[in-house]
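Dear colleague,

Please find the structure below, with its sequence.

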Amino acid sequence: LTPPPSLCSLLNSNKFTLIGDNAFAGLSHLQYLFIENNDIQALSKATFRGLKSLTHLSLANNNLQTLPRDLFKPLDILSDLDLRGNTLACDCKIKWLVEWLESTNTTVPAVFCSSPGQFEGQRIRDLALGDFQCITTDFVMHQVLPFQAVSAEPFTYASDLYVALAQPSASSCSILKWDYVERKLRDFDRIPAHSAVHCKPIVAQEQLYVVVAQLFGGSYIYRWDTAVDKFIKIQDIDSQKIRKPNDIEAFQIEGDWFFVIADSSKAGSTSLYRLNQNGFYSHQALHAWHRDTDVEYVENDGKPRLIISSSSQAPVIYQWSRAQKQFVPQGEVGEMLDVQMVKHFRAKREQFLCLSRYIGDSKVVRWEGQRFVEVQTLPSRGSMVMQPFAVGQRQYLALGSDFSFTHVYLWEEEKQKFAKFQELAVQAPRAFRAVPAADVQLLLAPSFKANTLVYRHVVVDLSL
């Protein structure tokens, strides 16, 4: 039977390439619509708005590669739909159609994927929702802090989130507090520090300490005094040992708190300090006269270790001796010289190190029993920082440079390698720190030459 002309529209064999919003406005009684054998490449989301009586729709033999999400939602009583003869790409933009085909009562003759390669020739109805990898992420600008900085250290104290930043040009350690209402970092306090290179907060035994490492004028330890709500200097750090500090790490071993300062002078010594009831006291001189650039605390197989990078030799491994209550030398990491920074991360049950170099390629190495084995080389001219960090289940790596964009990489577990993910415009970065701020995941990027940038980690569903 042929439907009455007033209820049927034939738009076949024309030269249409696009049908826009509300193209059939005023045709609320239309029941049959045939738009076949054209060259239609795109439909607008609201193309079929108002067609409440439409029961039969054919878009056969066009050049449609995708369909707007919920395109058929206005068609309440659609009983027959023909999409055959189109070149549909079965990517995330078509995932909604797979969901719709599973739930609709509309009769739809088999329609096949034209691309991508792994789906080519498959019936769309046979695809599983799990076949679509539609969740991706992005780092977007969240806040600009109008100052230069060379380190950033997040910490939690009295249930609030803070960040300590070393600002040598401003002669201070800035303490910022997270504002849960405004969802921004705001000024909280400042500790005078003439040439600060690192401000390390340590929350131990319900006390807040900040170790202030300075290039000139000695280094100090401050404690937050709750009676007067301010930081009080409680002790000096031996300036004969710590002449040119470069990095600080803090950690616990068997219930005791320690921090270690990497010293980059020719006459100083990377040194370990331990907390007792009255403050932090010198516990061990670790690595003298080697111009150390960075120190990392790692636990491998339940054994505490320090890995110290230096300008004069390959990174050195120290292992904690329970009997001696000290770190003892255990070996070196490969034969890499001039390592600027050493940082670690875990993937599954395996331990990896990231070794950044200013001249030459940086390396990712994996711990295999008694040694580290190289797994990846990354070009890194001008790199002062190579920082792995995790957000949820995703493992990232930020590789900064003094000469180009920062490259963010994403770890691919199957390949056991990092893949390029995103570029960030950070000038001369000196650190990257992931900061979990309630429902917001932040990435801080202190800059030696420009404003310190705060990025927000966002999850994007490409199927929406």
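Does cysteine 113 count as buried or exposed? At 4% relative accessibility, cysteine 113 counts as buried, where buried means under 20% relative accessible area, exposed over 50% and partly exposed in between (1.4 Å probe, protein chains only).

Before the remaining findings, a note on the basis of these values. This is a predicted model, in which local features need pLDDT of at least 70 and side-chain atom pairs count only at pLDDT 80 or more, while totals for chains, interfaces and linings use all residues. Residues are numbered from 1 along each chain as its sequence is written, and side-chain values use heavy atoms, with hydrogens and water left out.

Disulfides

A search of the whole structure gives 3 disulfides, a disulfide being a pair of cysteine sulfur atoms within 2.5 Å. Cysteine 113 is bonded to cysteine 90, with an S to S distance of 2.0 Å. The torsion about this S-S bond is about -95 degrees, so the disulfide is left-handed. Cysteine 90 lies in the loop between β6 and α1 (95-103) and cysteine 113 in the loop between α1 and β7 (135-145), so the pair ties together parts that are 23 residues apart in sequence. Helices (H or I, at least four residues) and strands (E, at least two) are DSSP runs, numbered from the N terminus. Cysteine 90 is likewise buried, at 1% relative accessible area.

Cysteine 92 and cysteine 134 form another disulfide, with sulfur atoms 2.3 Å apart. Their link is left-handed, at -105 degrees about the S-S bond. Cysteine 92 sits in the loop between β6 and α1 and cysteine 134 in the loop between α1 and β7, so this pair connects parts 42 residues apart in sequence.

Cysteine 173 is joined to cysteine 199 (S to S 1.8 Å). Here cysteine 173 belongs to strand β10 (residues 172-179) and cysteine 199 to strand β12 (residues 196-204), 26 residues apart. With the bonded cysteines numbered in sequence order, the pairing reads 1-3, 2-4, 5-6.

Aspartate 82

Aspartate 82 is part of strand β6 (residues 80-82) and is buried at 12% relative accessibility. Leaving aside residues up to four places away in sequence, aspartate 82 touches Leu57, Ser58, Leu59, Ala60 and Pro109; contact means heavy atoms within 4.5 Å.

Hairpin

Strands β22 (residues 316-321) and β23 (residues 326-332) run antiparallel and are joined by 6 bridges; two strands pair if DSSP finds at least two bridges between them. They form a hairpin with 4 residues between them, and lysine 325 in the turn has a positive phi of about 60 degrees.

With kind regards
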